[in-house]
Amino acid sequence: MSVQGCANSRFAIINWINDTLLLPLTKIEELGAGNVYCQLLDAGYPDRIPIHKVKWDAKLEVDFLHNFKILQNSF
């Protein structure tokens, strides 16, 4: 796959997430906090994620891990 193909894939994912969740994401790196994944799973399976426990303003690795642990437990 060419570099151009990877860039198009990233933009397609970001656009799909933005359209689905009505978010203003601009970079794929913003998914690293885990909060968007929790929100996506909650959109598909309501009440499966304790959404009130998600750290929305996660900036530190410990907060990222907290969000991914919530995601993992919901699976």
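Guide: Start with a definition. Ala, Val, Leu, Ile, Met, Phe, Trp, Tyr, Cys and Pro count as nonpolar, Asp, Glu, Lys and Arg as charged, and the others, Gly among them, as polar. By that rule, the lining of the largest pocket divides into eight nonpolar, two polar and three charged residues. One caution: this is a predicted model.

Visitor: Which residues lie nearest the centre of the largest pocket?

Guide: They are Leu25, Glu30, Asn35, Val36 and Trp56, out of a lining of 13 residues. The volume of the largest pocket is about 210 Å³.

Visitor: What gives the most to the lining of the largest pocket?

Guide: Helix α2 does, with three residues.

Visitor: Step back for me. How many helices and strands are there in the protein?

Guide: Three helices and zero strands. From the N terminus the order is α-α-α. The C-alpha atoms fill a box of roughly 40 × 25 × 20 Å along the principal axes. The protein has 75 residues, and 29% of them count as buried.

Visitor: What share of contacts joins residues at least 24 apart in sequence?

Guide: The share is 31%, taken among contacts between residues at least 6 apart.

Visitor: Why does the end-to-end distance of helix α3 agree with its number of residues?

Guide: Helix α3 covers residues 61-74, which is 14 residues. The expected span is 1.5 Å times one less than the number of residues. That gives 20 Å for α3, and its end C-alpha atoms are 20 Å apart, so the two agree.

Visitor: Which residues of α3 are buried?

Guide: Asp63, Asn67, Ile70, Leu71 and Ser74. Seen down the axis of α3, these buried residues fall within an arc of 95 degrees, so they line one face of the helix. Among what covers them is α2, residues 35-44.

Visitor: Which exposed residues sit on the face of α3 turned away from the buried side?

Guide: Glu61, Val62, Leu65 and Asn73.

Visitor: Why is Leu65 called exposed?

Guide: Exposed means over 50% relative accessible area. Leu65, in helix α3, has 53%, so the label exposed applies.

Visitor: Why is Asp63 called buried?

Guide: Buried means under 20% relative accessible area. Asp63 has 15%, so it counts as buried. Not counting residues up to four places away in sequence, Asp63 touches Lys55 and Ala58.

Visitor: What makes Asn35 buried?

Guide: The cut-off is again under 20%. Asn35 has a relative accessible area of 10%, so it is buried. Asn35 lies in helix α2. Its contacts, leaving aside neighbours within four places in sequence, are Glu30, Val54, Lys55, Trp56 and Asn67. Asn35 is also one of the residues nearest the centre of the largest pocket.

Visitor: Why does Tyr37 count as partly exposed?

Guide: Partly exposed lies between the two limits, under 20% for buried and over 50% for exposed. Tyr37 has 33% relative accessibility, so it falls in between. Tyr37 is in helix α2. Beyond its neighbours within four places in sequence, Tyr37 is in contact with Leu31, Phe68 and Leu71.

Visitor: How many residues apart in sequence are Tyr37 and Asn67?

Guide: They are 30 residues apart in sequence, and 8.8 Å apart in space, C-alpha to C-alpha.

Visitor: On to the loops. What is the phi of Leu22?

Guide: Near 55 degrees, a positive value in a residue other than glycine. Leu22 is in the loop between α1, residues 3-21, and α2. Relative accessibility of Leu22 is 73%; exposed means over 50%, so Leu22 counts as exposed.

Visitor: Where is Asp47 found?

Guide: In the loop between α2 and α3. Asp47 has a positive phi too, about 65 degrees, although it is not a glycine.

Visitor: Why is Asp47 called exposed?

Guide: The limit is over 50%. Asp47 has 77% relative accessibility, so it counts as exposed.

Terms used: Residues are numbered from 1 along each chain as its sequence is written. This is a predicted model: local features need pLDDT of at least 70, side-chain atom pairs count only at pLDDT 80 or more; totals for chains, interfaces and linings use all residues. Side-chain values use heavy atoms; hydrogens and water are left out. Helices (H or I, at least four residues) and strands (E, at least two) are DSSP runs, numbered from the N terminus. Buried means under 20% relative accessible area, exposed over 50%, partly exposed in between (1.4 Å probe, protein chains only). The arc is that of the directions from the helix axis to the C-beta atoms. Contact means heavy atoms within 4.5 Å. On a 1 Å grid over the protein atoms alone, a cavity is a set of points where a 1.4 Å probe fits but cannot get out, and a pocket is an open set with protein on both sides within 12 Å along at least five of seven lines; lining residues have an atom within 4 Å of a point. Grid points are joined across faces, edges and corners, and a volume is the space filled by probe spheres set on the points.
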